Amino acid sequence: MFQLTDITKSFGATVALSNISLEIRQGEHVALIGPSGSGKTTLLKLLNGQVLQNSGSYSLIESDRAESHLDSLSNKDLRRLRSEIAYIPQDLGLIPQLKVFQNILLGRVGKHSALGMLSKFLIPPQKNLQHIFSLLQRVGIPEKMYQHTATLSGGQQQRVAVARALFQQAHTLLADEPISAVDPARARSLITLLSEIATENQLTLVMSIQNVNLAREFFPRMIGLKNGHILFDSPEPSTEQLEELYHLSESELVEP
Amino acid sequence: MISLKPYKGARRIFLLLLIPLLVFCIYSTQIKWADFFPQEYGMGVIKKFFAAALEPALDYQDPDMPESAPPFWHKIGEALWNTLQYAVCAISLSLPVGLILGFLSSKSWWPPRSKSVVTRLTLAITHRITRTVTTAGRSVHEILWALIFITALGTSPMAVIVALSIPYSCSLAKVFSELLDEQPSYAKAYLQSLGGGTFASWLYGTFLISLKDIVSYTLYRFECAIRSAAILGFVGISTIGLHIETAFEDNYYNELWTLLYALLALILIVERSSHYIRKSMTNYPSAKHLPENLSPSSLRRVQPKRRLLTITAIFTIGLTTISWTTGDSLFSKLSWEQRMSNLERFLSEEITPYPVQKSGDWSDAIPWAKQLILEQGVEASLQTLYIGTAAMILAFIMGLITLPWSSKSLNEENPYGIYAGNNRVLNLLHKLTSLFLRALFILCRSMPEFLLAFLLLQMLGPTAWPLILGLAIHNYGIVGRLGGELADHSDLNHTKVQLAQGGNRLQGYLFSVLPAYFNRMVLYFFYRWETCIRDATVLGLLGISSLGFLIDEARARDNYDEWLFFILLSACIVIIGDFASEIVRKKLRNPSLQR
């Protein structure tokens, strides 16, 4: 369970998150919505332990472990925490020069030492290959296993990123605007895939998304962010709340 | 208020300044324009030399060749093999050293915001030290390193290989570290977000991505190593350069052409194969038809393979092994004791400044050095600088002028894929000019500048012209290719728009390609200028007044103290050139100037 209390995060003079308090329970599906620059990416990065809050507290409560506070973790524990949270950035973070199965293998980079990873990378164990193959089957592109990632289409690469996140065997899946660059039909199919996979594997799913209709359809909980504040946090935001969320003043439209 | 004053372009000023600078450099090397044209004797040499081009010798030209001499082709083959062997050995030694030094002088693997002061300090000091070592190693030209090793240890192939490896390791290290540092960090950042350790994230997120560029640059340096090995013949190593020099001195022009063609063929083979290897590294083959039932092993069997890379790897390992093991010539017959005593004498007596040898007091070295610098050093250093700069400006201007015809995409039937009429004659002309120029570039950059200068010197007579022209020709080949690549491989939507608006090719070049890539071209200018200065320090070995000449002369007089002093002076000039070019290039990379 993620527990955020009074979190404030700023980069220089820009305040990305201010006084955010929220709780995300294990297995919940949450959509983050809001205009660009509202703090969605920062919130996701904070949950992944990539950035540290300036004030407030962020703790992660796992059933069989002691509560961990982000600001007091050792390097080793920080790595462990990250290795159990899958994060799919907007640019997918795939290495185009590698073959698909190699990119997926790298999903476990946080679970091995550099040398241990190297041996897995050079001589992948049969067990891992079988696992990767079944994951690729799940996301619908098993035939691409030995292809160079660069040769795949954008939609196929997204599926590789999803397979990599699954291979990581994490308890949480964070995705930063995964559908911003695809056509409506592909967007829907990807969101369907992600929420199905999260349900099957009992993963916590937190996704930032621009498309309010899709968010409403697939997510039982929506958090509206604007200028670093939580505007609403509800299963079904009202039309007024959505209007307020996306209403931008003239100057904001020209200069974000 | 928006100012409508015309924009004063720094670019225009830079371009316009090049011409007076060129004139000044040429004027300062005290050569006359008239020297550019060969004298009567030179004309004779030129006629004979080029007449022989069409009839390379197939056998010894010397009628008095003893029966016992090895067959002519055997001689050529051996000269070529020796050249290749030196290059392979030198590169195989330089690559691991270059990788280690390059890793140490890169910052890309540093842990983010390390808290410990000791760690940070250790990293910073290691970084500084390796940077200094690589700069120093590069600043002395490989010919000079070879001369130092031969003088200090006695002639032995191993000494020459080590001498070649020093500057090569250092330039590999420099470029590797730059490649690693300039690699986009998204993949590394991503792996860290998965909990990857600092080193693991660097290894997969940075090093792995750079591997293609690292291999690509190593291939280029291998090509350079063949050229370097060839010209080492001019200082007495048994590579093809030695035979070229002798053939010229004996006036056996037909034999000379056989040797030149052989060398050119070797370099062209390496150049072309590297070209295809590079291409195959960026080309991802598509999958073959899929197997009936999908499984990891069935998919693995049909996975796309890049055979050329496998073949190259096997070939490289084979060639390296053969180069290191064949020929007893690799390790000299000099005993270790002999070599150590050589070294001891070299260090304790020969290179100690003459006044110090007499008095034993090192303070006497200061007036000695001062005198050397003032009487000869300054003058020779300036000459070197002028020669290098003049050559580079010539190459750059020629490159800019011919670029619209040498760029493949611009000089195509349909430039950048935009239909440009179907006049057959014109279209053929476009194809031919671009083909001709690109062939010319390969030819120019294949010939070692030292060899070009040597040949030109015999034709044009002993002025600085041959040195300038030799350097300029070689660099024209390089600048031409780099410029063409810029125009060909970049996403030039604005050029397409200009052509679609009715502009012609030349306009597309002048108003779209040139402004978009001007800074990059100036970047290349300074990058090559730095190399020109470095090469200019040794061209004087051919006997034209500049630093190389002083070095050669001191050696001829057996004054090894002065000899080493001038070598160090040449290193200083190169370091200053490097430093100046670095500052300018850093400025040019500044994103606010990239527009």
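Helices here are DSSP runs of H or I with at least four residues, numbered from the N terminus. By that numbering, A:I123 sits in the loop that joins helix 4 (114-122) to helix 5 (126-139) of chain A. The model is predicted.

**A loop residue in chain A**
- A:I123 has 7 C-beta neighbours inside 10 Å, so this residue counts as exposed.
- From A:I123 to A:D233 the separation is 110 residues in sequence and 47 Å in space, taken from C-alpha to C-alpha.

**The open sheet of chain A**
- In chain A, 6 strands make up an open sheet with mixed pairing, and their order is 6-7-8-3-9-10.
- From one strand to the next, the twist averages 15°.
- Strands of a sheet pair through backbone hydrogen bonds, in either a parallel or an antiparallel sense.
- The pairing of strand 3 (residues 29-33) with strand 8 (residues 204-208) of chain A is parallel and runs over 4 bridges.
- A:L32 has A:S208, in strand 8 of chain A, as its bridge partner.

**Where chain A meets chain B**
- The contact involves 30 residues from chain A and 28 residues from chain B.
- On the side of chain B that touches chain A, the elements giving two or more residues are helix 7 (186-193), helix 8 (198-232) and helix 11 (296-301) of chain B.
- Helix 8 of chain B gives the most to this side, with 8 residues.
- Sorted by class, the side of chain B that touches chain A holds 18 nonpolar, 8 polar and 2 charged residues.

**Helix 10 of chain B**
- Helix 10 (residues 253-282) of chain B has 30 residues, which at 1.5 Å a residue should span 44 Å; the end C-alpha atoms are 43 Å apart, so the two values agree.
- Buried residues of helix 10 of chain B include B:Y253, B:W257, B:L263 and B:V270.
- The buried residues of this helix pack against helix 2 (40-51), helix 3 (72-104), helix 8, helix 9 (240-249) and helix 16 (424-446) of chain B.

**Helix 15 of chain B**
- Helix 15 (residues 365-406) of chain B contains 42 residues, and a straight helix would reach 62 Å at 1.5 Å a residue, but its end C-alpha atoms are only 54 Å apart.
- Helix 15 of chain B also has a kink of about 50°, centred on B:G377.

Key
Residues are numbered from 1 along each chain as its sequence is written. Chains are lettered from A and ligands numbered from 1 in the order in which they are written. This is a predicted model: local features need pLDDT of at least 70, side-chain atom pairs count only at pLDDT 80 or more; totals for chains, interfaces and linings use all residues. A residue is buried if 20 or more other C-beta atoms lie within 10 Å of its own, exposed if 12 or fewer, and partly exposed in between; C-beta atoms are placed from the backbone. Two residues are in contact if their C-beta atoms, placed from the backbone, lie within 7 Å. Ala, Val, Leu, Ile, Met, Phe, Trp, Tyr, Cys and Pro count as nonpolar, Asp, Glu, Lys and Arg as charged, and the others, Gly among them, as polar. The expected span of a helix is 1.5 Å times one less than its number of residues. The bend at a residue is the angle between axes fitted to the seven residues ending there and the seven starting there. Two strands pair if DSSP finds at least two bridges between them. Axes are lines fitted to C-alpha atoms, for helices over the stretch in contact, and angles run from 0 to 180 degrees between N-to-C directions.
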